[in-house]
Amino acid sequence: MFYRNRSLQHVAVIASISLVSGCGLLGGGSSEDAGPIVVGTTSAPSTLDPAASWDSSWELFRNVYQTLLNYNPEQTTPEPDAAESCEFTDSKSTVYSCTLREGLKFSNGHTLDAKAVKYSFDRIKKINVNGGPAGLLETLSQVQTKGDREVVFRLSQPDATFPLVLTTPAMSIVDPEEYPATALRKESGIIGSGPYRLQSYDEGKQAELVRNDSYKGIADRKNDAVTIRYFQQSDQLVKALKSKEISVVYRGLGASDIVDIETNQNAEGLQLVENPTTEISYLVFNPSDPWAAKPAVRKAVAQIVDRSALVHNIYKDTVEPLYSMVPAGLTGHTTGFFDDFGNPSVTKAKALLREAGITETVPLTLWYTTDRYGSTTKPAFEELKRQLEASGLFKITLKSRPWKTYVKGYQDGEYPVFGRGWFPDFNDADNFIAPFVGEQNALGTPYKSPAITDKLLPESRAESDRGAVKQQIEDAQKIFVNDARLLPLWQGKQYVAADEEISGLEKVIDPATMMTMWELYRKTSW
């Protein structure tokens, strides 16, 4: 285990996935005089249009666009943001109504009204990008407006998770005059109504955010400007932090970086905050590949992979082994892959292949992204290659791409087996099942499972008490284990490293593990 109790500020409890405040950092205030707070990350956007994004672009969107509902620090229940109020207006959770705040405007001065909200949702479904956020709206059948401020969502079936969907940055409200109804926006920049304006953007390098004076919502901004710098490699990120070129690091720290900063933080004037989250890492098998399509091959891989070795040797115990696509801390979490496959066994894997008539060495190509999940990704895949080839049953080829082109590759079905991380859209077990199944899903690889999509998910979504859906979630996971189309590897934690002068780190990560930049500020006294 990776014990840090004496040196790290723990700010969450996995059981509730609830962010709680730390021990009274010294007073906040404007950062205007000292210039923008500079945040570094390896998580660069792949697009600036919400209709195209079901990925890391959301990190930027959270801060410059606005959604009807959002999260306040330390809360796990969504609250109205662009909306003044929202509620189900029927007893079956099929009609959801929101009333907007008065006087909302986009950053360009245009009016944000009910028609703009309807337009934003309609265009997501019309554009229907492969692997895009339209999959989150599968139960949405119609959006209606009543006057300038009321929006009514009519659902095709009961869906108690719909309010949680509305918190996701994919549901950002866009200006109808700036965003085409049936195509993605080609112009650079963002026109939103969030806490910040995107003042300038250099793709893959930097985003400059400044206070949006017309914003009306729940964000209590503790700074006037934030600059986000995008890095390709973790070592560059850490070097920039230690040389004071940046003040905060989020996403992209490798395991060795975390250990180094934790060990030397006092001497180097740094701080490290650990946030237990429901982030997971997993492998995806593409059924269009002749080898990955074979259940016996997938199950043989599942039988060989040694998560404990991966977690200890490569990730330095900064993550935990995961045996379910639903992470620990959420209703319905199981250990299905361990229950069915047990400890790694070459003998059992060989038997699985032989029973399917496979006697030759199985060639598989594993893909990973070079610049999304930190510098540990490459050695992690090298470890997976070592484990599989040591069995004598597989011949593994490793290939990689930067995230932006990596996304297009898996959406186009290019990769036989590929690695993904999943940062939750919202903290409900539904969000670790629904996005991965169906003809169109977040992975770009169709996964037909009528038992899940037509029975278990609808039954679960009809239940407003999310703690009462344990059986449906467990049954869905049994199907995942039996199909072995997705192979969970580990459940992570989010680490934020920062200069010792920065405050607000205890509240800066929301329940969907995105950084709310408005919580950052410089200490004004010691």
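Reply: Cys98 is buried, with a relative accessible area of 0%, where buried means under 20% relative accessible area, exposed over 50% and partly exposed in between, using a 1.4 Å probe and protein chains only. The model is a predicted one, in which local features need pLDDT of at least 70 and side-chain atom pairs count only at pLDDT 80 or more, while totals for chains, interfaces and linings use all residues. Residues are numbered from 1 along each chain as its sequence is written, and side-chain values use heavy atoms, with hydrogens and water left out.

Me: Which residue does a disulfide join to Cys98?

Reply: A disulfide is taken as a pair of cysteine sulfur atoms within 2.5 Å, and the count by this rule comes to 1. The S to S distance in this pair is 2.1 Å, and the partner of Cys98 is Cys86.

Me: Is the disulfide of Cys86 and Cys98 right-handed or left-handed?

Reply: Cys98 lies in strand 8 (residues 95-100) and Cys86 in strand 7 (residues 83-88), so the bond ties together parts that are 12 residues apart in sequence; strands are DSSP runs of E with at least two residues, helices are runs of H or I with at least four, and both are numbered from the N terminus. The torsion about the S-S bond of Cys86 and Cys98 is about 115 degrees, so the disulfide is right-handed.

Me: Are helix 4 and helix 5 roughly parallel or roughly antiparallel?

Reply: The axes, which are lines fitted to C-alpha atoms over the stretch in contact, with angles from 0 to 180 degrees between N-to-C directions, lie 13 Å apart for helix 4 (residues 234-242) and helix 5 (residues 255-268), at an angle of about 10 degrees. Angles under 35 degrees count as roughly parallel, over 145 as roughly antiparallel, 65 to 115 as roughly perpendicular and the rest as oblique. Helix 4 and helix 5 are therefore roughly parallel.
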